[in-house]
Amino acid sequence: MIKKAIFPVGGLGTRFLPATKAMPKEMLPIVDKPLIQYAVEEAAAAGIEQFIFVTGRNKSAIEDHFDHSFELEHSLAARGKDAAMDVVGGMMKVPGSVIYVRQQQPAGLGHAVWCARHLVGDEPVAILLADDLIKGRSCMKEMVDAYDGGNMVAVMDVPRDQTGAYGIVTPGKTHGQKVDIAGLVEKPMPADAPSTTAVVGRYIISPSVFDTLGLQEQGAGGEIQLTDALAKQIGTAPFTGLHFSGERFDCGSKVGFLQANIAFGLDNPDMADALQEWLRDHIE
């Protein structure tokens with residue numbers, strides 16, 4: 001049912017300066033793979049067939065990453081580096097399935113999603129934020145499998161003192177991993193938060209959300225917020241949250257980025273033993 005996905009990648013990544021001065025934050029590596037590739041692989045595992053990147057200035061490295069590099073491929077072939085060739089070739093998608101559109105100003109996540117409206121058409125679409133790296137089973141596949149119309153977000157529980165960093169839902173009835181959403185507020189202060197159930201960077205939205213985003217109404221931070229548009233849909237379309245089974249790392253923060261590298265490194269058989277030994281020596 002869900003065949004298209006939007007990847008908003010136009011952000012400046014200022015929290016990772018100077019590393020992101022000339023390199024997109026989405027290209028920061030977790031072990032040996034950039035964040036954006038993890039997001040694309042998660043979407044592909046969910047059956048996504050069209051990949052829409054909403055880019056900004058200085059994001060050409062993302063386009064190059066998902067394209068052929070003839071010099072590299074020729075060099076690998078000449079040197080008999082078959083395993084490396086398989087890695088590079090495995091990233092390629094069907095011609096025409098990867099699309100780029102420019103967000104001309106950093107006006108918020110809702111604005112970035114709205115910029116892709118003409119490429120989506122009259123069908124529900126997935127949205128994945130590469131900063132939110134989820135280890136384990138494809139979170140988007142879990143969402144696609146559970147989706148039955150309307151709008152859906154991935155949710156997780158957070159400490160109350162962290163609600164100001166998330167969109168927070170007012171939960172209704174639960175149905176296994178799914179929970180009905182009766183309300184949604186962006187970045188509330190802990191005392192004002194309706195719950196500690198937070199939205200994580202995975203969404204499936206109905207086409208009508210683009211109409212709401214088209215009103216260009218500003219929310220928290222003076223930006224056009226996707227959560228505000230979703231909140232306005234409550235009562236007119238089903239709205240559910242999915243408690244996903246994987247482990248989420250906030251790779252928009254330096255600590256979360258380092259935690260992700262350690263977690264994925266410990267899962268890599270080529271480095272797990274050496275990394276565990278190093279961690280033991282330094283922790284003890």
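I count a crossing as left-handed if the near helix is turned anticlockwise from the far one by less than a right angle, and as right-handed if clockwise. By that convention I looked up helices α3 and α4, and their crossing is left-handed.

**Ground rules**

I am working on a predicted model, in which local features need pLDDT of at least 70, side-chain atom pairs count only at pLDDT 80 or more, and totals for chains, interfaces and linings use all residues. Residues are numbered from 1 along each chain as its sequence is written, and side-chain values use heavy atoms, with hydrogens and water left out.

**Entry: helix pair**

I took helices (H or I, at least four residues) and strands (E, at least two) as DSSP runs, numbered from the N terminus. Helix α3 covers residues 70-78 and helix α4 covers residues 82-90. I fitted axes as lines to C-alpha atoms, for helices over the stretch in contact, with angles from 0 to 180 degrees between N-to-C directions. The α3 and α4 axes are 8 Å apart, and the packing angle is about 155°. I class angles under 35 degrees as roughly parallel, over 145 as roughly antiparallel, 65 to 115 as roughly perpendicular and the rest as oblique. The pair α3 and α4 is therefore roughly antiparallel.

**Entry: aromatic rings**

I paired rings of Phe, Tyr and Trp (its six-membered ring) if their centres lie within 6.5 Å; planes under 30 degrees apart are stacked, over 60 edge-to-face and the rest tilted. How many aromatic pairs does this rule give? The count is 7.

I noted F7 with F51 as a stacked pair, at 6.3 Å centre to centre and 20° between the planes. F7 belongs to strand β1 (residues 4-8) and F51 to strand β4 (residues 50-55), so this pair ties together parts 44 residues apart in sequence. For accessibility I call a residue buried under 20% relative accessible area, exposed over 50% and partly exposed in between (1.4 Å probe, protein chains only). F7 is buried at 1%, and F51 is buried at 3%.

I then looked at F53 and Y100, which are also stacked, with 5.2 Å between centres and 20° between planes. F53 is in strand β4 and Y100 in strand β5 (residues 98-102), so the pair ties together parts 47 residues apart in sequence. Buried or partly exposed? F53 has 1% relative accessibility and counts as buried, whereas Y100 has 27% and counts as partly exposed. Ring pairs link F7, F51, F53, F66 and Y100 into a cluster.

**Entry: charges over rings**

I required NZ of Lys or CZ of Arg within 6 Å of the ring centre and within 35 degrees of the ring normal. The charged end of K33 meets this over the ring of Y38, at 4.9 Å from the centre. R117 lies over the face of W114, 3.6 Å from the ring centre.

**Entry: cysteines**

I searched for disulfides, defined as pairs of cysteine sulfur atoms within 2.5 Å. The search of the whole structure finds 0. C251 is in no disulfide, and the nearest cysteine sulfur, that of C139, is 14 Å away. C251 counts as buried at 1% relative accessibility. C115 counts as buried at 15%.

**Entry: backbone**

Which residues does a cis peptide bond join? I found L17 and P18 joined by one, with omega about 5°. P18 is in the loop between β1 and β2 (29-30).

I also checked for positive phi in residues other than glycine. V31 has phi of about 65° and is not a glycine. V31 is in the loop between β2 and β3 (33-34), and is partly exposed at 27%. K187 has a positive phi near 50° and is likewise a residue other than glycine. I place K187 in the loop between β10 (178-186) and β11 (197-205); at 41% relative accessibility, K187 counts as partly exposed.

**Entry: contacts along the chain**

I looked up A112, in helix α5 (residues 109-114), which counts as buried at 4% relative accessibility. A112 and L226 are 114 residues apart in sequence, and their C-alpha atoms are 9.1 Å apart. F210 is in helix α8 (residues 208-213) and counts as buried at 8%.
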